Amino acid sequence: MSESLSISWSAAEATVPQQVLLSPEKLSNYDLILRCQEGVQPDRAAFTELLRRYQVHVDKVLYHLAPDWQDRSDLAQEIWIRVYRNIKRLQEPSKFRGWLSRIATNLFYDELRKRKRVKPPLSLDAPRCIDDGEIEWEIPAERPGPDEDLSTREFYDCLHEAIADLPEVFRTTIVLREIEGLAYEEIAEITGVSLGTVKSRIARARQRLQTQLQPYLNS
């Protein structure tokens, strides 16, 4: 009798996880990513929910990088294909947002290199050098104003080339800081490096950009 009860109880325990399995919509972001990492391929329902939660973030990154591109949705699709194929490699689910930003940024610059001539991905105010070495810029209206002249467009082209030529770790940190507007502490958490390393990378990235953009910064 006791043996029969033990077998029955074990069978009941084995069925409990399936019975209490939460739907993707009720999972936290962390648990949702873990669900996507289970199995041979990401769970389709879980991945759909992940896409739903982070699509706005991807759209924001791409808009800030390329407000004038009409095919941003195609690039967004490619980003999610890359995420689907590589999400199992993400070792720290809590850093998914930064990982996603890096994929979006890298794919954008890969695409930028393929295009012989593109409109400015960033609409920036006239750049100027500040005491702490930062280049001051902001994201204005979707379309450049009518007073945008040739020298400004040349500056954009030079800026894009300069950012694209940065090493990946520098490019990621400068985009997270200057385009997404994240604090140093947030960037450190996302990229998994110390606060000092983040500040060093951003400073070196700014130095490289300022060197290449010096003719425009002095004008």
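This is a predicted model: local features need pLDDT of at least 70, side-chain atom pairs count only at pLDDT 80 or more; totals for chains, interfaces and linings use all residues.
1. Start with the overall layout. The protein chain is built from nine helices and has zero strands. Reading from the N terminus, the elements simply go α-α-α-α-α-α-α-α-α.

2. Of the 219 residues in the protein chain, 42% are buried. The chain exposes about 13,100 Å², and carbon and sulfur atoms supply 50% of that area. As for contacts between residues at least 6 apart in sequence, 65% of them join residues at least 24 apart.

3. Now to the aromatic rings, where the structure holds six pairs. One of them is F47 with Y84: the ring centres are 5.1 Å apart and the planes sit at 85°, so this pair is edge-to-face, the label for planes over 60 degrees apart. F47 belongs to helix α3 (residues 44-65) and Y84 to helix α4 (residues 72-86), so the pair ties together parts that are 37 residues apart in sequence.

4. Y84, at 29%, counts as partly exposed.

5. A second pair worth a look is F108 with Y109. Their ring centres lie 4.8 Å apart with the planes at 75°, so this pair is edge-to-face too. F108 is buried, with a relative accessible area of 0%, and Y109 is buried as well, at 1%.

6. Y109 also leads on to E161. The two are 52 residues apart in sequence, yet their C-alpha atoms are 9.1 Å apart in space. E161 lies in helix α6, which covers residues 150-165. With a relative accessible area of 53%, E161 is exposed, because the cut-off for exposed is over 50%. Y109, by contrast, is buried at 1%.

7. Finally, which charged ends sit over the ring of Y184? One belongs to R177, 4.2 Å from the ring centre. Another belongs to K199, whose charged end is 5.8 Å from the centre of that ring. If you're browsing the model, bring up Y184 together with R177 and K199.

Key:
Residues are numbered from 1 along each chain as its sequence is written. Side-chain values use heavy atoms; hydrogens and water are left out. Helices (H or I, at least four residues) and strands (E, at least two) are DSSP runs, numbered from the N terminus. Buried means under 20% relative accessible area, exposed over 50%, partly exposed in between (1.4 Å probe, protein chains only). Contact means heavy atoms within 4.5 Å. Accessible areas come from the Shrake-Rupley method with a 1.4 Å probe; for residues, only the protein chains shown count as cover. Rings of Phe, Tyr and Trp (its six-membered ring) pair if their centres lie within 6.5 Å; planes under 30 degrees apart count as stacked, over 60 as edge-to-face and the rest as tilted. A charge sits over a ring if NZ of Lys or CZ of Arg is within 6 Å of the ring centre and within 35 degrees of the ring normal.
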